[in-house]
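Here are my notes on the model, jotted down as numbered points. Have the structure open while you go through them.

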Amino acid sequence: MRRWVLIALPYAWLLALFLAPFIIVLKISLSDIALARPPYMPQLDFGAGLAGLREFFAALDFENFWFLTTDDLYWKAYLSSLQIAVVSTFLTLLVGYPIAYGMARSAQEWRPTLLMLVILPFWTSFLIRVYAWMGILSTEGLLNQFLIGLGLVSDPLTILNTNTAVYIGIVYTYLPFMILPIYAALEKMDESLLEAAEDLGCSKFSAFWLVTIPLSRNGIIAGCFLVFIPAIGEFVIPSLLGGSDTLMIGKVLWEEFFSNRDWPVASAVAVVLLLILIVPIVLFQRNEQKAREAEG
Amino acid sequence: MRRFSWFNATSLTLGFAFLYLPMVILVIYSFNASKLVTVWAGFSTRWYGELIRNEEFLDAAWVTLKVAFFSSTLATILGTMAAYVLVRAGRFSGRTLFSGMIYAPLVMPEVITGLSLLLLFIGIGLDRGVLTIVLAHTTFSMCYVSVVVSSRLTSFDRSLEEAALDLGCSPFDAFRLVTLPIIAPAVISGWLLAFTLSLDDLVIASFTTGPSATTLPIKIFSAVRLGVSPEINALSTIMIGIVTVGVITASLISKRAAVAQARDEQAAARTT
Amino acid sequence: MAETAQKPKTKSTAPDQAFEPWEDPNAKPLIEFRGVTKRFGDFTAIDDLTQDIYEREFFALLGPSGCGKTTMMRMLAGFDMPTAGEILIAGQDMAGIPPNKRPVNMMFQSYALFPHLSIWDNIAFGLKREGRGSDAIAERVEEMLRLTRLERFARRKPHQISGGQRQRVALARSLAKAPKLLLLDEPLGALDKKLRQDTQFELMDIQEKTGTTFVIVTHDQEEAMTVASRVAVMDEGRIVQVATPAVIYEAPATTYVADFIGDVTLIAGEAKAHESVVEEVVPEPEVAAPEPLVAAAEGERAPQPNALGEWLHDRLLTRVLGPRKAAPKLLPAPEVAAVVEAPVAAPKAAPTEGLAIHWAAGQPPLVAANAPPDWAGKRVTLALRPEKVAISKARPEAANALQGKVIDIAYLGNISTYHVELANGSMIKAQMANTRRISRRDITWEDDVWVSFSDTAAAVLEE
């Protein structure tokens, strides 16, 4: 009896506030175009029974999805989101791996402190961390002041409101997600493996390449997914650091919804975005599963 | 002793500089006397004063704290239950759907979660305001809580619960007297996580709120869109300060506990 | 008092009148497994198992991991329910009774001490659930602390005491409610060897003091043999043999049991009826002489005169040596020290029944007197304990003697085990007590030796 309540309560909550809304999105995405004016046709008529149900499904169509293909804004936004996510994931890996490596190779007594220093930004507001870069990257910002002061550039660089700023923002805010899994993988690694590799004739570099990298593979994959998946749907970073030409699907959805007030199209955009995300999510799950099985 | 490596030292220094320099700059410039945020014009706490007098920010902060408190508390209760179901309830029909619904919000883009919840609230005719934000935040942060708690439950020695049953506890008593006290640290960190998630959230709150309730992130976002403002710098500094003090305190407490435990275990090993 | 005299309570107080309720047809078992089957999905953990366990028994479930012993215990505790069949405790069917309502307590392998409670509160935990008064609880906890000698540690937390002390806390906690039945799941597995041996005797002592029925699960055969009144050897969800440790060791029911318990050499072959052969002197089926080398030498020193010898003596030597002694077939009275070693040249008393096991081409058949003659024609396996096999350089006078070469010697301090390879490549283990200093033992690697054993030394097992 108690077991039943225990299961039912969180189950019902998630059904009502996670699954049901999602089904509504799906339904609206298949409805007729109308601007911010519910009810959306067709409506399910429960009074009509089975016939009503058939009629309801017959009236649903893929009109909105068709619309997404006619306007190149949408598929360009999807492609550009993917591109930005891939590039920034790669950059995050490049920045994150040496940090994780340095942490895992640091003295034992330093590690908890370093770990805390990586986690600390995660607890501070995402918005504030993105905002902090606005003052640095702007034309008259600190970075340009610094570069001009050093004499490296004569005219200020335009970084804010470009894709470069978006890359910097994503790398900066998602860096802990990359460092933590890689650090976890590297920290578990037995250092005598490297000594064994060197003993067997590896140079330091080839030992790193042949032993350290493969052994931290699971951490690298997990870190990349943890950056890539949220980066695709990112909204705050492109809207604060990106320019008007920065196309990201999260931003498009937001604008479709709040500015154009076209809810069926916004819903269709959301459904397609989810379909795109399913592939990396499933791959990520499988990688986690394998890692867990490997650990026993 | 480990050999000192220039490569490691450099990567750590540069890495942490990258992580912390932007925030340090933000904090420094919050004490800038000038309205122009990029020009240093001397030390001043003027912006803190203006911030305190800004009714709108204070209201938003109050709404945010209320939302965060209620949603994180609800999320902790539901998330702990969900974790318990995931780890302990064994097989039941619909288990796959259940675990799917727990993990999906973690990877779901916030814009989609926000949009879908908004459409639900409109669909059922619920007035948007503090209540709807609390419902929305509870839904996604309970998933985070349940992940944190279930990872603790998985490593939890199941025979402890069996021992409690064996000694005459009902299943509920076993949970109350044995499981809960042991997983309490995970439940508390789950609560803290839910609280910060709620404090930070901009996107879902923007979708699910109405004109009656504006949270701090929404306020900050609309201010920041127009450019850098010294008041926001001051506000950010306060928030960073609170988090820093909190995290450092928590890690000191847990470090002290770990040291005490290690010392006790050593002493115990010697008495054998 | 008369009652106790008739019914000895424990094994140690009346060694002459053994504690064997399982031999008593009137005894009522405390636990009854009746046709119990437990499946986990496709996997059958327990397969149609029927077994009685009696009050005050110290019953050991012994087997490798995955044999179902833990499942049996968890079904007794109520953590798992049988798929089919029933389990009775004190005559009551346990189906549907949750763990917290059973008169059973369990000591967990991990001890499962509540880390957030003190030792005192851990022991009091079960008592508090019973709703006893606080005075009664305190009294009982103190009693358990005394029993397990933990008084000094009552206020400590589990992580503040050593492994051995934790083990005792777990025992005290599970005994505090005075259960009818105590289940012990690998209770000593986490302790090092020396501590484990001490604790085994402590466990037996506590079992006798409290009179509780103990069921212990273990994969350590030495532990099962030490503590248990009966041992059930399990394999793949079935009980292969239930018997006292001595019977299990001396008369294993199957090769599986023989192989699982202790060290053994298994020789498979075909049994044929044994025809008494007179040309060889078969010594008494006694335990092999401790020093067969000496024995063999002394056998040579006492030659038996034959007919020709007698004739020669009478004709030629009488004048020099005096008349021949009257009883030529008897040895001269041996010196006291030689009593054991001298082989008694008993009149040929060949076993009337017995088997000759033909086991390898080119090797003499092995003689076994302790098997029913109607097994002739079957395939059988001889299970031979190394300590029943003697090793010598000269050919000994024994029912079974085989020649081979020493391949390996394991020196274990008090004894040494010799691995002897026969001409056909099979390996036989022989054990000898190290009564001499190491420098004086003359059998070493690569030596050609004889291994020998009597015709009752090996257990004969049907295949």
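**Notes on the predicted model**

1. Let's start with a covered helix. In chain A, helix H13 (residues 249-258) is mostly covered, with 8 of its 10 residues buried. Bear in mind throughout that this is a predicted model. The buried residues of H13(A) are Ile249(A), Gly250(A), Lys251(A), Val252(A), Leu253(A), Trp254(A), Glu256(A) and Phe257(A). Lys251(A) and Glu256(A) are worth a look, as both count as charged and both are on that buried list.

2. What do the buried residues of H13(A) pack against? From chain A itself, they meet helix H4 (72-104), helix H11 (217-232), helix H12 (236-241) and helix H14 (263-295). Chain B joins in with helix H5 (110-123) and helix H9 (203-208). So much for H13(A); the contact between these two chains comes up again below.

3. Now chain B on its own. The chain has 11 helices and 0 strands, and its elements read α-α-α-α-α-α-α-α-α-α-α from the N terminus on. Its radius of gyration is 23 Å, whereas a compact globule of 272 residues would come out near 19 Å. Along the principal axes, the C-alpha atoms fill a box of roughly 70 × 65 × 35 Å.

4. Take the contacts in chain B between residues at least 6 apart in sequence, and 68% of them join residues at least 24 apart.

5. How many residues does each side give to the contact of chain B and chain A? Chain B gives 81 residues and chain A gives 82 residues. Between them they bury about 7300 Å², and 82% of that is on carbon and sulfur atoms. The largest share of chain B's side comes from helix H1 (residues 6-29) of chain B, at 14 residues. By class, that side of chain B has 59 nonpolar, 17 polar and 5 charged residues.

6. As for specific pairs across the interface of chain B and chain A, the rule finds 0 salt bridges. The count of residue pairs in polar contact is 7, with both residues at pLDDT 80 or more.

7. Is Ser236(B) buried or exposed? Ser236(B) counts as buried because its relative accessibility is 1%, and the cut-off for buried is under 20%. Leaving aside residues up to four places away in sequence, Ser236(B) touches Ile128(A) and Tyr131(A) from chain A, along with Leu26(B).

8. Over to chain C and chain B. Here the contact takes 25 residues from chain C and 22 residues from chain B. The two chains bury about 2100 Å² between them, 61% of it on carbon and sulfur atoms. In chain C, the residues that lose the most area to chain B are Asn100(C), His116(C) and His159(C), together 25% of what that side buries.

9. Which side chains meet in a salt bridge here? The rule finds 1 salt bridge across the interface of chain C and chain B, where the side chains of Glu162(B) and Arg74(C) meet at 2.6 Å, N to O. There are also 11 residue pairs in polar contact, both residues at pLDDT 80 or more. On the side of chain C that touches chain B, the elements giving two or more residues are helix H2 (69-77), strand E6 (104-107), helix H3 (119-129) and helix H5 (163-175) of chain C. By class, that side of chain C has 12 nonpolar, 9 polar and 4 charged residues.

10. Finally, two backbone spots to check by eye. Most residues other than glycine have a negative phi. Asn161(A) is not a glycine, yet has a positive phi of about 65 degrees. Asn161(A) sits in the loop between helix H7 (142-150) and helix H8 (163-188) of chain A, and counts as partly exposed because its relative accessibility is 41%.

11. The other spot is Asp48(C), also not a glycine, with a positive phi of about 45 degrees. Asp48(C) is placed in strand E2 (residues 43-54) of chain C. Why is Asp48(C) called exposed? Its relative accessible area is 51%, and exposed means over 50%.

Methods:
Residues are numbered from 1 along each chain as its sequence is written. Chains are lettered from A and ligands numbered from 1 in the order in which they are written. Side-chain values use heavy atoms; hydrogens and water are left out. Contact means heavy atoms within 4.5 Å. Buried area is the accessible area (1.4 Å probe) that two parts lose on being put together, summed over both. A salt bridge is a side-chain nitrogen of Lys or Arg within 4 Å of a carboxyl oxygen of Asp or Glu. A polar contact is a pair of N or O atoms within 3.5 Å; within protein, one must be able to donate a hydrogen and the other to accept it, and residues adjacent in sequence count only if both atoms are side-chain atoms. Helices (H or I, at least four residues) and strands (E, at least two) are DSSP runs, numbered from the N terminus. The radius of gyration is taken over C-alpha atoms; the globule rule is 2.2 Å times the number of residues to the power 0.38. Buried means under 20% relative accessible area, exposed over 50%, partly exposed in between (1.4 Å probe, protein chains only).
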